[in-house]
Number of protein chains: 2
Amino acid sequence: MTAILVVGAGAVGALFGSALARAGAEVSVVCRSDYGVVKRDGYDITSPLLGNHRFRPHQVYREVADCETPPDYLMLTVKVLDGVDRAALIRPAVGPQTVIVLIENGIDIEAPIASAFPGNEVLSGLAIVGVGRGEPGKIHHQSVGSLNLGRYPGGASPAAERFAALLTAGGIASKVTDDVVSARWQKAVWNATFNPISIMGGVLDTAVILGTDESRAFVSSAMQEICAVAAAAGHPLHPKLIDQMMVVTREMAAYKTSMALDYENGRPMEIEAILGNTVRAARRHDVATPILDALYALAKMIEAKASR
Amino acid sequence: MTAILVVGAGAVGALFGSALARAGAEVSVVCRSDYGVVKRDGYDITSPLLGNHRFRPHQVYREVADCETPPDYLMLTVKVLDGVDRAALIRPAVGPQTVIVLIENGIDIEAPIASAFPGNEVLSGLAIVGVGRGEPGKIHHQSVGSLNLGRYPGGASPAAERFAALLTAGGIASKVTDDVVSARWQKAVWNATFNPISIMGGVLDTAVILGTDESRAFVSSAMQEICAVAAAAGHPLHPKLIDQMMVVTREMAAYKTSMALDYENGRPMEIEAILGNTVRAARRHDVATPILDALYALAKMIEAKASR
């Protein structure tokens, strides 16, 4: 039986963990804030995709160090924030054979983990899922649910195939890519523009952000900067990507980004993972990104104000 | 006796009108929202500079057209907003000899007035004053109070000298410049950066905006773009201007811009006059202004959201 440890079992971790358990894996979780409730009752999950159900993890740990047997897969679903040493967080449970699965937002978020665990395979995953937490132990899955997974920094991976097969069998359609870094850059084209823009002006939704010809031209220019960085980093993206993203986003209902929701709720924002790392990649590859630089400077001001 | 008509007698108009009256001018006002109170009681002004006093205008008009004798000076102190045709507003009271005095924010705000009244002298004024309105008819002058005035588009002006002498005699120190457009560009270096930045993130004050090395570098880069536009428009500014402004602004107490106050109070913002005209001047003179363009696009999104 495949042993999986979910570290940071918030909304995505609990939902994906439940799907993996349903497919037959032995899924344990580390959760701090909900520990008491989850230890006693498991997770109460409402989901249009998996049905409403209760997910009782194999083990519920308060700390990573409480997991004494290294799992086959350690799935990390914490936010990527300054001051959180994710490598140190997971180290107590990582054995020589443990495959580390990062399901997190941002650019270059794999590098610190890969260099901290040079002997371990690192899988990088991009989740598309609308899921949130309610009261302790309650998970509300609203819409969609899929994963794009691949070995970091690239290449084929039987371990990724097995993980994706389990998750798919459990109800979360998952596919494997041999170039997950390109996939991450592709996602950044949307994330690193809409997220920071959405926290300007006390939260802007996608309908406002794309409300006029001028605003669309602006967003498109910002996206072009990210495409230029991705290309310089060796990951050229499809020339029609931006147009497609603009069309899809305009067809969606007015949408608040994850950063906008974090901002509204006074939670830490993943500015560095999503935008800061993009800007730093631009500097490394000598690509001019004046719009991203401006968004980054403004987002940091907003963060500084929010944290006062 | 010099006859002066103040059009848009809000805080600045009432305060400056009171100073002009104190110096012996015959000052009438057009005020819409406070008409009843001002007609009956005049303005109740608290001021550390002029003392607390009551200012009873010579005439109080509800409409510009009610002023049947053209004044020597028509002082316009309304906001410069899209959809407000200032030339049409003042036309009924402008006689062949009337000198038009614009005490308003922004870049290129004189051009529409100058072209609408080619036979009239236009003076352009930059006020430095902290003054606000309270209840109807109540004006609270908080701090400083001075005017920098000049003939538009440039040159010496006896009419400006007389107006400045009156205002100075009334308690508002005023000086005359023969290059008011350069002075306006100089002011724009501060205004067109701090104002739009201040409405990001649900209002940022100057302390947050200048809170880190990175944020100061960003503001400085934005200011450099404005200096480049000013130079291309024939108004090179002093090379140390930006450093001086940064020092002065950091020494001030945390300060909210006029645009931030407008935003907080749900009032229309002078985005076009302050920033849009700057960006359009950049396009005319073929100067790249990526940061200003970004600020402009974001400010317009914020405005669109605020006006929904």
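Me: Why does A:R86 count as buried?

Reply: The relative accessibility of A:R86 is 7%. Buried means under 20% relative accessible area, exposed over 50%, and partly exposed in between (1.4 Å probe, protein chains only). The value of A:R86 is under 20%, so A:R86 counts as buried. This is a predicted model in which local features need pLDDT of at least 70 and side-chain atom pairs count only at pLDDT 80 or more, while totals for chains, interfaces and linings use all residues. Residues are numbered from 1 along each chain as its sequence is written, chains are lettered from A and ligands numbered from 1 in the order in which they are written, and side-chain values use heavy atoms, with hydrogens and water left out.

Me: Where does A:R86 lie, and what is in contact with A:R86?

Reply: A:R86 lies in helix α3 (residues 86-90) of chain A. Helices (H or I, at least four residues) and strands (E, at least two) are DSSP runs, numbered from the N terminus. Contact means heavy atoms within 4.5 Å. Leaving aside neighbours within four places in sequence, the contacts of A:R86 include A:L76, A:E104 and A:I113.

Me: What makes A:R54 partly exposed?

Reply: A:R54 has 44% relative accessibility and therefore counts as partly exposed. This residue belongs to strand β4 (residues 53-55) of chain A. A:R54 is in contact with A:D41, A:G42, A:Y43 and A:D44, leaving aside neighbours within four places in sequence. A:G42 is twelve residues from A:R54 in sequence, and their C-alpha atoms are 6.6 Å apart.

Me: Why are α6(B) and α8(B) called oblique to each other?

Reply: Helix α6 (residues 180-198) and helix α8 (residues 213-232) of chain B pack at about 140°, with their axes 9 Å apart. Axes are lines fitted to C-alpha atoms, for helices over the stretch in contact, and angles run from 0 to 180 degrees between N-to-C directions. Angles under 35 degrees count as roughly parallel, over 145 as roughly antiparallel, 65 to 115 as roughly perpendicular and the rest as oblique. The angle of about 140° belongs to the rest, so α6(B) and α8(B) are oblique.

Me: What residues meet between α6(B) and α8(B)?

Reply: Among them are B:W185 and B:F194 in α6(B), and B:F218 and B:V219 in α8(B). The residues of this contact divide into 15 nonpolar, one polar and no charged. Ala, Val, Leu, Ile, Met, Phe, Trp, Tyr, Cys and Pro count as nonpolar, Asp, Glu, Lys and Arg as charged, and the others, Gly among them, as polar.

Me: How many residues does the largest nonpolar core have?

Reply: It has 146 residues, and those with the most contacts inside it include A:V219, B:W185 and B:F218. A nonpolar core is a set of buried Ala, Val, Leu, Ile, Met, Phe, Trp, Tyr and Cys residues joined through side-chain atoms within 4.5 Å. A:V219 touches residues including A:F194, A:M246 and B:M301.

Me: What makes A:V203 buried, and what is its phi?

Reply: A:V203 has 5% relative accessibility and so counts as buried. Its phi is positive, about 80°, although A:V203 is not a glycine. A:V203 lies in the loop between α6 (180-198) and α7 (206-209) of chain A.

Me: Is A:D108 buried or partly exposed?

Reply: The relative accessible area of A:D108 is 27%, so A:D108 is partly exposed. Phi of A:D108 is near 60°.
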